[in-house]
Amino acid sequence: MPLDCILSAVAAWLLIGIAGVAALRRLTLVAHLLFPLGGLAALLLAAGAAWALTQPPQTVVLPLGLPTLPFHFRLDSLSAFFLLVLGATAAGVSVFAAGYFRRGEGTPPGLLCLEYHLFLASMALVLLADDAYAFMVMWETMALSSFFLVIANHRLGEIRRAGYLYLLMAHLGAIAILLCFGVLQANTGNYTFDNLRAQQLGPFAASLAFLLAVVGFGAKGGLLPLHVWLPEAHPAAPSPVSALLSGVMLKTAVYGLVRVTFDLLHTPLWWWGALLLALGLASALMGVVFAAVQVDMKRLLAYSSMENLGLIFAGLGLAALFAAYDMRPMAALALTAALYHAASHATFKSLLFVATGAVLHATHERSLGKLGGLIRFMPWVAWITLLGTLASAGLPPLGGFVSEWLLLQSFLFAPGLPNGFLNMLVPVVAALIALVAALAGYTMVKFFGVIFLGQPREEKLAQARDAGWWERAGMLWLGGLCLLLGLFPAQVLLITNAVTRPLVGAALNTAGHDWLLVPVSLERASYGPVLFLLGAAACVAATFLLVRWRYHGRLSRVPPWDCGHPDLTARMQDTAEGFGQPIRQIFEPFFRMERELPSAFDAAPRYRVSVSDPLWHFLYLPLARAVEALARLVGRLQQGRIAVYLLYSFLTLIAVLLVVRR
Amino acid sequence: MNAPGLFSQLLEVLIALALAPLLTGWVNQCRAWLLNKSAPPLTQPYRKLHKLFHKELVLAEHASSLYRAVPYLVFGCMALACAIIPTLSTDLPLSPAADAVALVGLFALARVFQSLAAMDVGTAFGTLGARREMLIGFLAEPALLMVLFSASLLSRSTSLTTLVDLFAHRELAIYPSLAFAGVAFTLVSLAENARIPVDNPATHLELTMVHEALLLEYSGRHLALLEWAASLKLFAYSCAGLALFFPWGIADARTPQAMLLALPLLAAKLTLGGALLALLETASAKMRIFRVPEFLGSAFLLAVIGMLVNILLGV
Amino acid sequence: MSAFLSQFINLLAAILLLLAFAMLSQRRILSLIHLFTLQGATLAVSTAVVGYATAQPHLYFSAVLTLLLKVILIPLLLHRVIDRLNVRWDLETLINIPTTQLAGIVLVMFAFYLAQPIAQISATIARGTLGIALASVLLSFMMMITRSKAVPQVIGFLAMENGLFFAATAATYGMPMVVELGIALDVLVGILILGVFLFHIREQFDSLDIRHLEKLKED
Amino acid sequence: MHPLLFVLGIPLLGSLLLAFTGHRPVARAVNVAVSFATLLAAGTLTADVVARGPTFAWGREFFIDPLNVFLVTLTAFVGFTTAVFSRPYMQVELAHGKMTAPRLRLYHSMYQLFLGTMLFALTTNNLGILWVAMEAATLATVLLVSVYRTAASLEAAWKYFILCGVGIAQALFGTVLLYMAAGKLLGSSGGALLWTNLEAVKGSLDPDIMALAFAFLFIGYGTKVGLAPLHNWLPDAHAEGPTPVSAVLSGLLLNVALYGILRCKVLADGALHNHLASGLMMGFGLLSVVTAAFFLWRQKDVKRLFAYSSIEHMGLITFAFGMGGPIANFAGLLHMTVHSLVKSAIFFAVGHAAQKAGTQAMDGIRGLITVSPTVGWGLMLGSLAILGLPPFGVFASEFLILTTAMREQAWATPFLLLALGVAFAAIFARVQPMVFGETSVRRLPHPPALLPVFAHLGLGLMLGLYIPPYLNAWYAQAARLLGG
């Protein structure tokens, strides 16, 4: 039974976590035995999930939870899809982590092992939960365990602040989700998803539930304007954890929103889709623009995650829009695009984050301004990372491109919508998606180029060593997944079809095209990555052979041309800040910039520019100030004077008596 | 996969490879004429390629293997691009593998590789060029995509062959959306092919160069391949423009013999197009790099307006 | 039950209210203790009268208890405290006395207003007693609010207890014996603890002004 | 002999014993032993009730039903664990010179007396005795709060005494009114104050008197529960008394006071046939939750912080009981249990932490986890639990309360949410740097008592994931008893 398979994997994770506590400080045991075992359990989970995709939904009720509401778990195709993503990604990350964790990183290794596996297990159970209570318990456990992972290196004030912000936002989001379930159960008092699904809500209640879900899951998924925690928390965590946070945990937000919008609520209203689309696009644009100006490699990736999640949410919005107008095949297309992007983002973002981990360990440096030229010292890491970079940039023939392709395809169908205004918006939206994708390319060139290419910007980088075998194996696994997702979209569609069919009542066409991705028909659009790759490879190989056959292979190595400048140093290369400069200029209104410019007569000229999120200043800081002011006001009640306290009691008594006597 | 299809596919690639330097030479010649200079011969690009292939390869001492792979990759990408754009016939077996979106992706892939290679040597100009190239790219790419989308909205397809098929066999009609798209396409092509007013292919003035900065460290056969790839790119863009806006004469699967007519027609169209390009280039002045976003922004805007017009007017 | 007894209880109730008012407006601490003693005496008498009128012997016991506790023991304790701590001076009030008196009148009206529906259905001896008991509780409460020294606050607290006792006897013919004993014990222990506290406070702050006790607060 | 005799007798005798021997070193152990004996007796009583159902003892004066039996067990349990905690705690205080032998005698004696009075208040059937026991508990705790004899503790104790004394006087007035209402039906015999008798005739009690009575009782006992704006004594008393006292104040006294309100609410509901009692409870509950949340924001003293958190939680519980109905009542009872357990666990951890840091000011307590991981984790997990993060039991009850409120009192949910959000932001912002980061604390020669912390947290965790069937049955019966 697939469900047994998955539950035993979860149980294995929990046991491994407990074993970790038992071996609290024995690093070798924890790293080289427990983490790989966790990876194996992840594979088991993925296998179970893949199996489940071919089976009808299965349920189980555990004798835990509230007396009236024991934990219900259900494995259907939607859960199975996300579990597959979780298992496949976690396997790679766990293997990487086996080589990653070192001594003396704040938290003892055994405790990290517990938190890590608890995190994995709670994510799996979130995906399985079939009642509101189980869902909320797992959801918050997930937040909590990941919070402890984020602050693994808790001695840095910055990391503690990030962790605080993270847990606060997670908790506020969770409250919203809780209320969403409260609305969904429609006064029945029964919180099983079966019952929620059976309720017929009016448009107002349904919209309220949807909005609460958007707030709750949006807070987890980094949707504007609830994204502020994301670029703080993801970089703060140890790299394998960042990989899981960005790669997998954000997907639970996608899962939740899909579950609520398409499963628990039946027919979306059109403006839900429009809202989600708008929010998704805004976050995508904001994310990518901020990613382009970052100078910290992990922050850059975190913002890039925000961008990708924005795209996924936009896809969901479009799917909801189509579903609202009962255009089921189109809805299936958009939903597939979103799911596909979720899967490919999981693989490439995990890969990139673990790569930053490898770089971090080799160089002890996170700032892009101090890296460079690592491809010569860490070829393994560099070449595998290149794969992730290209996928993240949305370039063919890798996974990121397929999902963006599907998304753009679904936009092409949007003019069929029976709503003139929306039709008009479509080109703008499609244009923005294209812009975001192109900017992602810009960002990724910056990411890869500044870290791995060029000359080392610091002396010590020459001492960098390539990652160990565990790390390489984990990265290879993730890179392989990127490649698979890119090259075999038709096969992946078989999986996503199993998901979309029950949710929107339609699926994409896969019959007869094993090597081609043909969402509707051959005349409309098609994409064949294998063919594409073969074509490109043939061209490249032919060129290479021809050139080698026809011409000599003489070669001499010389210093690079200095353009007439006698002392060219590595510091003259374009920096990460420099790479961000055009973006800062073009998208100026997005940023809140603080510049420090040297004057012409400075003896030690200094240039500094810092870019911050304007939302902090327009939304969060005023909010915090308002609470502070209110708290100050409330604090005045407690002046220390006993006569005043007695007066309160007296007045309260009088007031209550007046109410009573009424 | 049928024999005529395979034949037309091969023919297309070969013609592209052969004719691309010629087109570059023709544009340069026209430009020289317009500038009242004595023109280089039409075959100058071929000579240059020949010379470069025979030269010794001089590599920067710490260039990585990525740096050495990139010329082949870029060349392969451009050849593939030429293969999937219908120039002579719409009966192309490679066509289902890549549609309009994939074409844009392909160009982007080549650009990313080229920029990465430029960063690899680690000189100031290489990285500067990479940054500028990516800047132009991220603005031009969505604009190009929007242009293609305008056409796709008319044909309800992103498949290039279907698109061209449809346009080649339609009644002569005026499509205002395509007019906008055409202007946008021209602007994008200028930028993408490193032409004035965005870039000047004829200069190595360090502070203004973009495309040349990317190639600064390349030499020998690598440079030859990259130069050839640049020609191929110009050729591909020209053919794409022709296929979208002036598709008449391209043969379809039913009439392979029409290719006999298609070839001279293509040559004529390209001649005219090349001359026009030269005219455009000489008529405008190179702009500052900071003005490029505005330039490409307007292209982007035009393309979006084209799509809007399409949706509002239904044509 | 005779009308006379009922009138007598009403009279005692009125005296109780009057004393409560007097305490509210009294500035001198010694007079305050005297007034409190008088109030205790009134209470004891009224308890005995109610016991007689309703023929409940346990109320006599209660009256004796009141007499012992509130007329003899507590005033004695209070006298000792002010002697030992030397706090005979005149009192400052936080709010001036005419204002408190005006507010007191409003309070009495309010108490009567509250007790009115109960008085109408009440079958006990004196209909108005509950209202008066309530009024004296509220007046004592207000007295506690307006005084700035510890001893008068304690006296206010005890006067409030008197009001409650009066309510218990006049309105309900006395609580069950166990409860009354318990209450008396609590009051006794309470006053002892308060007395000890007063010494501690004096020791700590060199004064019994409760304005020294304003350190714990939100800032 | 009835087991209740032991439940009530052991702590009172213990108090007497410790009044003479409490200053000796062995007294700390005796205190634990007496508390343990009480716990055993409470366990026997519980088993008895489980086996035989609700019972009376000594006529009808004492009454054990599902509502109070679980509170009795809880009180005995927390009383025992706090005694265990106070053993090493008081040793350190003695070593630091904050406690002296005579004060220790007072402390031990009053601690047992306090437990005894609480058990008395819980088990008595007589509302008059309930009042007497509550007042006695107040007196005992006043002495406990002032045991350090510092200026601050005297001030806190004085305020506590005056405010609670005045408050509880109102409750006495309410009791008198109740007796008056009952007298007409039951005669002015001793039986008129017995809750079971009143409950039997509650439908025909005079509504006018009952309304007034409930108002006074609510204000009176509400002061002890710490409902805003009657709460002003609470933070001072918690902050300035010894930490074991803070733990039992938060964990037990507030519960018992609320228990008093609940008993009265059942009568008022029966007599009034309207939503007066519910409305009052919901209104004051909500007001407390919101006010306390904003108070939390600017705290500097760790014990004050958690004292305000207690106000917040008591407000939430009051709100839940105000809503009524089986689910909300169930949630309220569950919340009472887990709040007691978790809050006292927090105070245990805080006590150790403050001793290690040498200060109660939160700015002075930093990085507990490096020097004392167990205390650090105890404080961290406890805080997270009290903030309502699953899988701890507080979340289970908050889940039920919030979702029920959503259904029945939708207007209240925005306020609840605001308060929960602000409380989370406030508490967590203060606790995190205390636990993590560079350290400011030192090791002490005396090992901390960690068993109570983790036993409480473990139980709190269990109640979030699994509620044993018999406990569930009690809760359900008690919830039914409380009605809607």
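The model is predicted. Chains A and B share the most contacts among the four pairs of chains in contact.

**Chain contacts**

- Chain B has no contact with chain C, and the closest C-alpha atoms of the two lie 55 Å apart.
- Chain B likewise has no contact with chain D, with the closest C-alpha atoms 40 Å apart.
- Chains C and D do touch: 36 residues of chain C and 37 residues of chain D take part.
- On the chain C side of that contact, the elements giving two or more residues are α4 (97-121), α5, α6 (150-172) and α7 (177-205).
- α7(C) gives the most to this side, with 13 residues.
- By class, the side of chain C that touches chain D has 26 nonpolar, six polar and four charged residues.

**Nonpolar core**

- The largest nonpolar core has 691 residues, and A:A124, B:A143 and B:A303 have the most contacts inside it.
- Helix α6 (residues 151-186) of chain D supplies the largest share of this core, 22 residues.
- Leaving aside residues up to four places away in sequence, B:A303 touches B:A143, B:M146, B:V147, B:S150, B:F180, B:A181 and B:A184.

**Helices α1 and α2 of chain A**

- The axes of α1(A) (residues 2-22) and α2(A) (residues 27-52) come within 8 Å and cross at roughly 165°.
- Angles over 145 degrees count as roughly antiparallel, so α1(A) is roughly antiparallel to α2(A).
- The crossing of α1(A) past α2(A) is left-handed.
- Residues of α1(A) in this contact include A:P2, A:C5, A:W13 and A:G20, while those of α2(A) include A:V30, A:L37, A:G48 and A:W51.
- By class, the contact of α1(A) with α2(A) has 18 nonpolar, three polar and no charged residues.

**Helices α1 and α5 of chain C**

- α1(C) (residues 3-25) and α5(C) (residues 129-146) pack at an angle of about 10°, and their axes are 9 Å apart.
- Angles under 35 degrees count as roughly parallel, so α1(C) and α5(C) are roughly parallel to each other.
- α1(C) passes α5(C) in a left-handed crossing.
- Among the residues that meet here are C:I9, C:L16, C:F21 and C:L24 of α1(C), and C:T129, C:I132, C:L139 and C:M143 of α5(C).

Conventions: Residues are numbered from 1 along each chain as its sequence is written. Chains are lettered from A and ligands numbered from 1 in the order in which they are written. This is a predicted model: local features need pLDDT of at least 70, side-chain atom pairs count only at pLDDT 80 or more; totals for chains, interfaces and linings use all residues. Two residues are in contact if their C-beta atoms, placed from the backbone, lie within 7 Å. A nonpolar core is a set of buried Ala, Val, Leu, Ile, Met, Phe, Trp, Tyr and Cys residues joined through C-beta atoms within 7 Å. A residue is buried if 20 or more other C-beta atoms lie within 10 Å of its own, exposed if 12 or fewer, and partly exposed in between; C-beta atoms are placed from the backbone. Helices (H or I, at least four residues) and strands (E, at least two) are DSSP runs, numbered from the N terminus. Axes are lines fitted to C-alpha atoms, for helices over the stretch in contact, and angles run from 0 to 180 degrees between N-to-C directions. Angles under 35 degrees count as roughly parallel, over 145 as roughly antiparallel, 65 to 115 as roughly perpendicular and the rest as oblique. A crossing is left-handed if the near helix is turned anticlockwise from the far one by less than a right angle, and right-handed if clockwise. Ala, Val, Leu, Ile, Met, Phe, Trp, Tyr, Cys and Pro count as nonpolar, Asp, Glu, Lys and Arg as charged, and the others, Gly among them, as polar.
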